[in-house]
Amino acid sequence: MTAAARRASRLPPVVGDALLPALLLLNVLTTRPVHELPVAAALTAALALPLLWRRRAPLPVFGAVAAAALVQWLADVQLPADVALLVALYTAAAHSGRRGALVAAAVVEAGALLACLRWAPGGAFLTPFVAVTAMVVAAAVLGVNVRTTRAYLAAVEERAARLEHEQEQQARLAVAEERTRITREMHDIVTHNLSVMVALTDAAVYAQHRSPDRATTAMLQVSETGRQALTDMRRALGVLRTDEPDAQRHPLPGIAQLESLADQMGAAGLPTRLEVHGGHGHVPATAQLTVYRLVQEALTNTLKHTPTGTRATVRIGCSTGAVTVDVTDSGPRPPRPAATPSGHGIPGMRERAAAYGGTLRAGPLPGGGWGVRTRLLLDGGGAVSA
């Protein structure tokens, strides 16, 4: 039975629609006397055959069936094919609006009243009228319920499609944000470490004959800087797990690592003084990483674009709700190439600061040199992206 039902569900709807007219015509042909057969068959065909098109034109089909029923009533012929009126009413209620369903139900109810007045057995009008009225109401209510269910399912499908589209958009935005984060991280890591390695290599080449020990120390620092760069790049690309030895040896950069950064810059030829005011234990790790990258980028710009002898000062102020970053140097005042909008450098620093509600200011200082200053807010719900 299950297999038969499954095969029946695959048949075209018109096959099921043709079943009722075929049964009604077969009933008339097998039960009516020969002298009544032409009229009964013609009326049955007029009532039942329009049902073949009920799904494509529900209201016109209902009108045709109602007109055939009126002709039947005028001809004073009772037929089982009157059930076609209920089918047509159900179809009209299922495929038209509320007004169309009410009009169709009123027409069928009027027909039921006329039929019971003429054909009620033994003058018992009330019982058959109530029974027929119940069938009319049931057909109309069933059609309205089907239409409501269909509309609800359509709304659910539309909402599901909209949610799927929104999820795809969110996924694309997340991918774009991750790409931006990786690009920013890679720029800071590569620019800083390559600048330091170039400066250390130049110093090693210069000192290899005069002071071999200093040259060896510089080359060892180049090696350590390269390893640190590789670790930072792996972490930025998301391929370094927290349980790996490299991750434990090189924790996520923060305010505590600024001292090592200052020493590294000093070894590369940029003497850097670090001042940290206030405790930073309450500062989130992502905010500390932002502070580290801002200082790193500022010092790298100073190393690349100032002559030998320039000094830099880094001041970090930690309070309950904010962290202040102030990086100054004693170099010349001409604008740095990194200050031009290129999508990296200072624009990238502005993006990092904006993630914590800060506005970065970078430019020449009144007394000479260059300064970078911003204030990161810690009580604004966290950063959008580290």
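**Figure 1. Overview of the predicted chain.** The chain contains twelve helices and five strands, where helices (H or I, at least four residues) and strands (E, at least two) are DSSP runs numbered from the N terminus. This is a predicted model, in which local features need pLDDT of at least 70 and side-chain atom pairs count only at pLDDT 80 or more, while totals for chains, interfaces and linings use all residues. Residues are numbered from 1 along each chain as its sequence is written, and side-chain values use heavy atoms, with hydrogens and water left out. Of the 386 residues, 38% are buried, that is, under 20% relative accessible area with a 1.4 Å probe, protein chains only. Among contacts (heavy atoms within 4.5 Å) with a separation of 6 or more, 68% involve residues 24 or more positions apart.

**Figure 2. Strand β2 and its pairing partners.** Strand β2 spans residues 312-318 and is largely enclosed by the rest of the structure, because five of its seven residues are buried. Strand β1 (residues 272-277) pairs with β2 in the parallel sense over six bridges; two strands pair if DSSP finds at least two bridges between them. Strand β3 (residues 322-329) pairs with β2 in the antiparallel sense over seven bridges, and R315 stands opposite D326 in β3. Three residues lie between β2 and β3 in the hairpin that they form.

**Figure 3. Surroundings of T272.** T272 is located in strand β1, and its bridge partner in β2 is A312. The side chain of T272 also reaches the backbone oxygen of L270 at 2.9 Å. Leaving aside residues up to four places away in sequence, T272 touches A262, M265, L299, A312 and V314.

**Figure 4. The largest nonpolar core.** This core has 36 residues, and those with the most contacts inside it are L258, V291, V295, L299, I316 and V323. A nonpolar core is a set of buried Ala, Val, Leu, Ile, Met, Phe, Trp, Tyr and Cys residues joined through side-chain atoms within 4.5 Å. At least two residues of this core come from each of α7 (126-207), α10 (258-267), α11, β2, β3, α12 (346-354) and β5 (370-377). Helix α11 gives the most, with eight residues.

Figure 5. Beyond residues up to four places away in sequence, V291 touches I255, L258, I316, V323, V325 and L376. Another core, of 27 residues, lies apart from the largest one and includes A40, L47, A48 and V108.

Conventions. Buried < 20%, exposed > 50% of the residue type's maximum accessible area, 1.4 Å probe, protein only. Polar contact = N/O pair within 3.5 Å; in protein donor to acceptor, adjacent residues only side chain to side chain.
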